[in-house]
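Subject: Handover of a two-chain model

Dear colleague,

Please find below the structure that I am handing over to you. My notes on it follow directly after.

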Amino acid sequence: MSKLTRITAEVLRLPEEAIGDSLSFSETETWDSLSHMDLIATLEETFGVSLTAEEIVSMTDIAAIKRILGDKGADL
Amino acid sequence: MEIAGKAIVVTGAAGGFGRAIASALLGGGARVAALDRDADGLEALAQQDAGVFCRACDLTDPDGVKDAVDAVHGAFGRIDALVNAVGMIHSAPLVNLMNREQRTHDVAAWQTVLAANLTSVFLTGKQVAEKMALDRAKGAIVNISSSSAGGNAGQSAYSAAKAGVNALTKVWAKELGPLGIRVVAIAPGFIDNDATHDALGESALREIKRETPLRRLGDVDQVCSTVLYALENDFVTGTVLEVDGGLRA
C-alpha cells in the first residue's frame with residue numbers, strides 16, 4: 001500500500017481499498033472543503049512539497065493528486 | 001512570524017487601540033495598511049507615520065471591505081497578517097424600568113453594536129483569509145476582543161459581539177490552521193483610555209479597580225505588546241489571550 005493511499009484513507013476516514021484513481025472530491029461524502037485542507041496540509045508535510053492555490057483546487061481526484069505530486073518529484 | 005517587512009492590515013486604525021497597534025507595527029518594520037471609516041483619523045495617522053497605506057471604508061459594508069482589501073493587496077502584492085482592532089464600546093441594560101420611554105435595550109443599538117464589533121471582523125477576516133490562502137501566505141489574524149466577552153452587566157450587545165469574536169477566532173483557527181494561518185484573540189480588560197472613561201464613568205472605574213487583582217487599569221502599550229507576541233509566536237493559535245490584570249482569573 002502506498003504512502004499516498006494510507007494518508008488519503010486516514011484523512012478521509014475511508015478503508016484503504018476505497019482509495020483509487022477515480023475517487024473524487026465531488027462524489028465522496030467525507031471529502032469536503034475542510035477535509036481537503038487537512039489532506040493538503042498532510043500531503044505537504046509528508047512529501048515535503050509546497051502546493052500553490054491553483055494546484056490545491058486542481059486536486060479534485062486521486063489521479064490529479066498523483067499527477068501533481070509526481071510532477072514535484074514526490075515519492076508516492 | 002517576523003514582523004519586519006510583513007504586510008499587515010489594521011482595522012479600526014484611526015481609533016485608540018488601532019492607532020497604537022499600527023504605530024507599534026510600523027516601529028517593528030512592518031508595512032501597514034490602515035482601514036477605518038474615519039477619514040480624518042486616518043489622515044492624522046498618515047501625518048504621524050509616513051508610509052502607512054490608508055483607506056477609508058465602512059467596515060460593516062461587505063462591498064466596501066472587499067474593495068479595501070483588494071486595494072491593499074494590489075498595493076502591497078500580498079497580505080501577511082490582519083489585526084482587527086475595529087469596534088465600539090456600548091453600554092445599556094437589557095431592562096431599564098426607570099426609563100419610561102425606552103424600558104428595554106434598543107434594537108437599533110443592538111444591531112449597530114453587533115455590526116461594528118462582530119460583522120466587521122467577519123467581513124475583513126474572510127476577505128483577508130482568502131488572499132492569504134490563495135497566496136499561501138502563512139501568517140496570522142489577531143482579533144481584539146474584550147474581557148466583556150465573559151459577560152459584563154449592562155453590556156448585552158457589546159458582550160455578545162465580543163463573545164462572537166472569540167468564537168470566530170476558534171473556528172477560524174481550526175479551519176485555517178492546515179493552511180498555516182493562525183488566529184488569535186486578545187481580550188483586554190479595562191484599559192486607561194478615553195473610550196473606557198467615556199463609556200463607564202469614574203465611579204464604575206473605581207469599583208472595577210477594586211475588583212481587579214492588580215488594582216489598576218491596563219495600558220494600551222500592554223495590548224500592543226500582546227499583539228506583537230501573537231503575531232510573532234508561530235505556535236499560538238485558537239486561543240484568547242487575556243490582558244486584564246487578573247480580572248477574569
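In chain A, 47% of the contacts with a separation of 6 or more are between residues 24 or more positions apart, a contact being heavy atoms within 4.5 Å. The corresponding share in chain B is 71% of the contacts with a separation of 6 or more.

Please note that this is a predicted model, in which local features need pLDDT of at least 70, side-chain atom pairs count only at pLDDT 80 or more, and totals for chains, interfaces and linings use all residues. Residues are numbered from 1 along each chain as its sequence is written, chains are lettered from A and ligands numbered from 1 in the order in which they are written, and side-chain values use heavy atoms, with hydrogens and water left out.

Chain A

Chain A contains four helices and zero strands; helices are DSSP runs of H or I with at least four residues, strands are runs of E with at least two, and both are numbered from the N terminus. Its elements run α-α-α-α from the N terminus on. The radius of gyration of chain A is 11 Å, which agrees with the value near 11 Å for a compact globule of 76 residues. That quantity is taken over C-alpha atoms, and the globule rule is 2.2 Å times the number of residues to the power 0.38. Along the principal axes, the C-alpha atoms of chain A fill a box of roughly 25 × 25 × 20 Å.

Of the 76 residues in chain A, 42% count as buried; buried means under 20% relative accessible area, exposed over 50%, and partly exposed in between, with a 1.4 Å probe and protein chains only. The accessible surface of this chain is about 4200 Å², and 48% of that belongs to carbon and sulfur atoms. Such areas come from the Shrake-Rupley method with a 1.4 Å probe, and for residues only the protein chains shown count as cover. Chain A carries 6 positive and 15 negative side chains, with the centres of the two sets 5 Å apart. Here Lys and Arg count as positive and Asp and Glu as negative, while His and the chain ends are not counted; each charge is placed at NZ of Lys, CZ of Arg, CG of Asp or CD of Glu.

- A:Arg13 sits in the loop between α1 (3-12) and α2 (33-47). Its phi is near 55°, a positive value in a residue other than glycine, and A:Arg13 counts as exposed at 62% relative accessibility.
- A:Gly70 belongs to helix α4 (residues 62-71) and is partly exposed, at 39% relative accessibility. A:Gly70 and A:Glu45 are 25 residues apart in sequence, and their C-alpha atoms are 15 Å apart in space.
- A:Leu76 lies in the segment after α4 and is partly exposed, with a relative accessible area of 27%. Apart from neighbours within four places in sequence, A:Leu76 is in contact with A:Ser2, A:Lys3, A:Leu4, A:Phe47, A:Lys66 and A:Leu69.

Chain B

Chain B has seven helices and seven strands, in the order β-α-β-α-β-α-β-α-β-α-β-α-α-β along the sequence. The radius of gyration of chain B is 18 Å, close to the 18 Å that the globule rule gives for 249 residues, so chain B is as compact as a globular protein of that length. Its C-alpha atoms fill a box of roughly 55 × 40 × 35 Å, taken along the principal axes.

Buried residues account for 49% of the 249 residues in chain B. The accessible surface of chain B is about 11200 Å², with 51% belonging to carbon and sulfur atoms. Chain B has 23 positive and 29 negative charges, whose mean positions are 6 Å apart.

The contact between the chains

Seven residues from chain B and nine residues from chain A make up the contact. The area buried between the two chains is about 570 Å², of which carbon and sulfur atoms give 65%; this is the accessible area (1.4 Å probe) that two parts lose on being put together, summed over both. On the chain B side, B:Arg136, B:Glu175 and B:Pro178 lose the most area to chain A, together 72% of what that side buries.

B:Arg136 is located in the loop between α4 (107-135) and β5 (140-144) of chain B. B:Arg136 counts as buried, at 15% relative accessibility, and has a positive phi of about 55° although it is not a glycine. Most residues other than glycine have a negative phi.

With kind regards
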